[in-house]
Amino acid sequence: MRSSKVSVIIHLFAALHAVVALLCRTAGVNDELVLTLLTIALIVLICLRRGLNVEFTAASVIVVNVIGYLLGTGGAALIERVVRSPLAVHAVSTFLTTEILGWGIVWFTKFFRRGDDAARPATWTPRIGLVLLAVGVIFALRLAYVELFATPSFSVERFYQMADLLVSNSVALIFLLGVNVIYVRHMRRHSDQKNVVKALSLTLFVFVTTVCATLIAGLHLPFGFDAAFSWREFLQLSIITLLFEATLYSVVFMVDYALVARSVLRTERGRTHQAQFLYMKLKQQVNPHFLFNSLNILDCLVCEQRIEQASAYIHKLAGIYRYMLQNEAEPLVRLKEELDFVGMYVDLLQVRFADGFTVRQEIDERALTRNVVPCSIQLLIENAIKHNAVDTSSPLEIRIAVTADSVTVTNNLRPKLSAPASSTHVGLNYIRQQYLDLADRPIGICHTETEYRVTLPLL
């Protein structure tokens, strides 16, 4: 529903841009400032609809307007080859540029929206001053652009000469990129500063950076020194550098925002999966079926006066719950500890099922110090018992094979006579997700007509 509303906003603003462009050109009025205002309104609305914070919105306002100017100019040149009417060319290029910019922002926010911003709708806060500052910067640059080209001393050719002077100086470009990256990362670490301090700091940073880059490019530093570089050329080049600096800072901020967003989402997703896995293990600890069966077996052992077996059974049952409690918050455990836990669990099951199943272990001793997700091997054995018939006439065979890099649990298939309920694979899915979250390592699953095999990587 939200995406459909955003699409309506984009289409309406694209049509409005085209209409305004036609009306202004027909009336002989410069449409640049009006179109800039419409573009700013479009970007702010999209960012608010997509749940972006005001810092990202402010950066988007600057970047989109600069890209929009370049797209509109280049698009008009291409459309002129097909359409002869100047009015139609301007309207079509404006319409297409607005559509591209709108959907570009939507695409970007779809992949890089911050988890904390996505969880709640955007609201107008005191930080909206950053958006107003960005709007003011764009309008100031637009006005300066219009006024400069209205003077005979600053033609389009002169503009391109100054721009070429800047972009041809690799030292100036590296300087601008480096200081912007450092500043953005520094300010992210000090995000608790007051908004006024942030605004003043950013203004001073942009001013100093612009002046330094202008001097480097204008004087041809550090490989030369152009003493003929005049004061008027300095002013002209500083305007170009300011435009470039504002755009570069916004791009660096948006990229940094994107990287932080991905990290936040990955961390939050990992915490969610860890919480789900802990909940699943908690359910195992209080599993009523396991407790019921264990207490029944214990009751039988006591009634039959098998005191030593009952005592051993109690100690193993206590060991199982001790292991679960000790590792309920641990993401990983030693393989040796997990196998000891599995041994106690298998011993309890064999008291219940007698000779109905066998468990064979093939262990590479060197792998015992490696790590696995806790209760993962036990869960695979539990699934084998749960989904297969366990009887002495045709025993279920479970094999645990440990190599240097993985542990594989394999069982032959012995379908139950009564059709079991369809498995939800909740436990297996949680184990799979744990390995992806912790080490970005997948587990291997192989299901044939005769056996079921799951391979867990050792970490």
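In which helix do Trp231 and Phe234 both lie, and how many residues apart are Trp231 and Phe234? In this predicted model, both residues belong to helix 10 (residues 231-285). Trp231 and Phe234 are three residues apart, about one turn of the helix.

The whole structure contains seven aromatic pairs. In one of them, the ring centres of Phe229 and Phe234 are separated by 6.5 Å and the ring planes stand at 80 degrees, so this pair is edge-to-face. Phe229 and Phe234 are both buried. Trp231 and Phe234 also form an aromatic pair, with 5.4 Å from centre to centre and 20 degrees between the planes, and this pair is stacked. The relative accessible area of Trp231 is 63%, so Trp231 is exposed. Phe234 has a relative accessibility of 13% and therefore counts as buried, the limit being under 20%. Elsewhere, Tyr183, Phe205 and Tyr249 make up one aromatic cluster.

A further contact involves two helices. The axes of helix 12 (residues 307-326) and helix 13 (residues 335-353) come within 9 Å and cross at roughly 140 degrees. Helix 12 is therefore oblique to helix 13. The crossing of helix 12 and helix 13 is left-handed. On the side of helix 12, the contact is made by Tyr313, Lys316, Leu317, Gly319, Ile320, Tyr323 and Met324. These residues meet Glu337, Glu338, Phe341, Met344, Tyr345, Asp347, Leu348 and Val351 in helix 13. By residue type, the contact of helix 12 with helix 13 comprises 10 nonpolar, one polar and four charged residues.

Definitions and conventions
Residues are numbered from 1 along each chain as its sequence is written. This is a predicted model: local features need pLDDT of at least 70, side-chain atom pairs count only at pLDDT 80 or more; totals for chains, interfaces and linings use all residues. Side-chain values use heavy atoms; hydrogens and water are left out. Axes are lines fitted to C-alpha atoms, for helices over the stretch in contact, and angles run from 0 to 180 degrees between N-to-C directions. Helices (H or I, at least four residues) and strands (E, at least two) are DSSP runs, numbered from the N terminus. Angles under 35 degrees count as roughly parallel, over 145 as roughly antiparallel, 65 to 115 as roughly perpendicular and the rest as oblique. A crossing is left-handed if the near helix is turned anticlockwise from the far one by less than a right angle, and right-handed if clockwise. Contact means heavy atoms within 4.5 Å. Ala, Val, Leu, Ile, Met, Phe, Trp, Tyr, Cys and Pro count as nonpolar, Asp, Glu, Lys and Arg as charged, and the others, Gly among them, as polar. Rings of Phe, Tyr and Trp (its six-membered ring) pair if their centres lie within 6.5 Å; planes under 30 degrees apart count as stacked, over 60 as edge-to-face and the rest as tilted. Buried means under 20% relative accessible area, exposed over 50%, partly exposed in between (1.4 Å probe, protein chains only).
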